[in-house]
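Hi everyone, thanks for coming along.

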Amino acid sequence: MKNIIALMLVSFGLFACVPTFAQAEDKGIQEEVFYRILVDRYSNANAQIDKQIDLDNPMTYHGGDLEGITERLDTFEEVGYTAIVLSPIMGNAPDGYHGYWIEDFYNVEEQYGDMESLKKLIDEAHQRDIKVVLELVTNYVAKSHPIVKDKSKQSWIEANDVDTAWGKNVIKLNQENEEVQDYLVDVAMYWMDETNIDGFQLHAADQSSQTFLNLLTSKIKEKDENFYLLADVLDTNSDVTSLQENDHIDAVDNHQAQQAMSSVFSKPGVSPEKIYEETMDVNALSMLFMDDESVERFTQTLAENGRNPLTAWSLALTYLYSMPDVPVVYQGTELPMYGKTLEEVQRMVEFNSGGKEIKEFFNRISSLRNQFPALRRGSYELVGTDGAMILFKRTYNEETMYIAINNDVKTRSVTITDLEKGKELRGYLGDHTFRANDKGEYRIGLDRETAEVFSVKEDTGFNWWFIGFIVGVFLLFIIAVVVLSRKQKANNR
């Protein structure tokens with residue numbers, strides 16, 4: 001029996017030798033999948049610094065820290081996140097769990113750790129090829145910040161009232177003031193010099209003075225042209241044209257696309273073409289996301305519509321990970337977590353919640369995106385629609401991929417008419433294969449509520465070598481069983 005098991009292991013080992021796809025060598029933000037973390041609500045690993053914790057109060061610290069993030073870096077690597085975005089970590093006023101009540105721009109909030117714990121997190125992340133981005137607040141400071149109390153700096157203040165969920169305890173800085181500009185640029189340079197971070201997410205960039213923003217972003221890119229600059233958008237109704245036209249900003253939050261994706265994939269029968277209209281009219285790279293720290297979680301929305309989470313997330317992630325933009329995942333989404341109110345959306349991550357299937361799909365779709373450069377870069381073309389099914393094409397260099405998403409309640413199909421004969425479309429999510437019909441057309445049909453990602457290959461017909469290999473393995477196994485059985489009988493005589 002041991003010999004049979006050994007033979008089986010050898011046979012399965014041969015399967016592992018099947019070649020994998022080559023890694024792309026492209027660099028840049030389109031290579032990334034970002035994971036946004038609200039530090040205080042992620043993972044508590046160091047109870048010794050829990051001085052302000054009140055788990056019964058949703059508006060104060062709950063204990064997440066930098067050490068807790070460091071401990072879970074392997075999980076990010078497994079699911080395919082290549083960069084993490086940390087909420088503001090600078091010294092905050094009491095109860096400033098969100099990080100926006102800054103009292104000290106030059107130190108780490110003690111509730112999260114210290115500079116050494118931040119540097120350890122960055123080093124550990126880089127060892128796993130994961131980048132670290134810090135959210136940088138430049139519009140506001142806490143009312144308890146020394147600037148506010150300094151009478152010589154009253155011209156630094158633009159407004160005492162800010163209309164946000166956390167705005168009661170901040171003042172708005174006058175970014176047109178040159179002294180304020182110099183101060184904030186110095187803050188950015190300090191964190192770039194003191195740590196090995198890879199970028200800034202510019203908090204509430206839509207609320208910033210564009211004169212200041214142009215100055216800040218140009219100074220940062222002069223220092224490091226590969227340093228990522230992401231524009232966070234606070235007001236979903238803001239005109240972000242100036243952010244999109246800023247050559248130094250790498251990507252801008254797209255709330256309209258988020259709203260479209262949520263409304264489409266949270267219920268069947270709605271065409272994804274609605275999302276296409278919200279993303280393709282943008283002249284700059286978008287940060288595309290299903291969840292963030294301030295909106296109802298997508299899993300909550302789909303559940304209220306009676307939709308299966310795995311089905312909805314499979315469709316949504318296929319779209320999110322194959323767009324010519326930058327995918328962003330908010331903490332807990334992969335589990336998946338539910339949440340309707342701000343308190344629920346921002347609660348501590350429930351690592352033991354949910355099943356494995358959605359997390360496994362994250363890994364699968366991320367691997368596909370990583371293996372095929374055309375899913376990250378290159379041209380994008382809508383091929384056609386049928387009901388609530390959409391088919392689009394992405395091409396990069398000589399590689400062409402087709403992405404099909406059927407959000408309909410019945411089987412749908414879209415026909416490709418401009419692909420030369422002698423090709424086949426090979427699917428990687430549902431193992432579909434399509435070849436040309438007698439007219440030279442490729443009719444791509446999908447069952448209801450399914451998605452598929454295809455590469456274009458030469459039509460070789462049946463893979464006789466592979467089929468022969470499988471048959472050979474099983475023949476060897478049968479022969480081994482017969483031989484060993486006879487040998488065992490002979491030994492028993």
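Let's start with a strand pair: β6 and strand β8, which covers residues 170–173, run antiparallel to each other and are joined over three bridges. If you want a spot to look for, find Y140, which stands opposite K172 in β8. Keep in mind as we go that this is a predicted model.

Now, which order do the strands of this open sheet follow? There are three of them, arranged β6-β8-β7, and the pairing is antiparallel. Because β6 (140–142) and β7 (157–159) are the edge strands, with a single partner each, one side of each has no neighbour in the sheet. Leaving direction aside, neighbouring strands here are turned by 50° against each other on average.

Next, let's visit V33, in the loop that links α1 (2–16) to β1 (34–37). Is V33 buried or exposed? V33 is buried, because its relative accessible area is 2%, and the cut-off for buried is under 20%. Leaving out residues up to four places away in sequence, V33 touches G80, Y81, T82, A83, Y321, P327 and R369. There is also S366: 333 residues separate it from V33 in sequence, yet their C-alpha atoms are 8.2 Å apart in space.

Last stop, the surface. L475, I478 and I479 make up a nonpolar patch there, with about 290 Å² of accessible area together. One of these residues, I479, belongs to helix α15, residues 464–492.

Terms used. Residues are numbered from 1 along each chain as its sequence is written. This is a predicted model: local features need pLDDT of at least 70, side-chain atom pairs count only at pLDDT 80 or more; totals for chains, interfaces and linings use all residues. Side-chain values use heavy atoms; hydrogens and water are left out. Two strands pair if DSSP finds at least two bridges between them. Helices (H or I, at least four residues) and strands (E, at least two) are DSSP runs, numbered from the N terminus. Axes are lines fitted to C-alpha atoms, for helices over the stretch in contact, and angles run from 0 to 180 degrees between N-to-C directions. Buried means under 20% relative accessible area, exposed over 50%, partly exposed in between (1.4 Å probe, protein chains only). Contact means heavy atoms within 4.5 Å. Patches are made of residues with over 30% relative accessible area and no salt bridge: like charges are joined within 9 Å, nonpolar side chains (Val, Leu, Ile, Met, Phe, Trp, Tyr) within 5 Å. Accessible areas come from the Shrake-Rupley method with a 1.4 Å probe; for residues, only the protein chains shown count as cover. A salt bridge is a side-chain nitrogen of Lys or Arg within 4 Å of a carboxyl oxygen of Asp or Glu.
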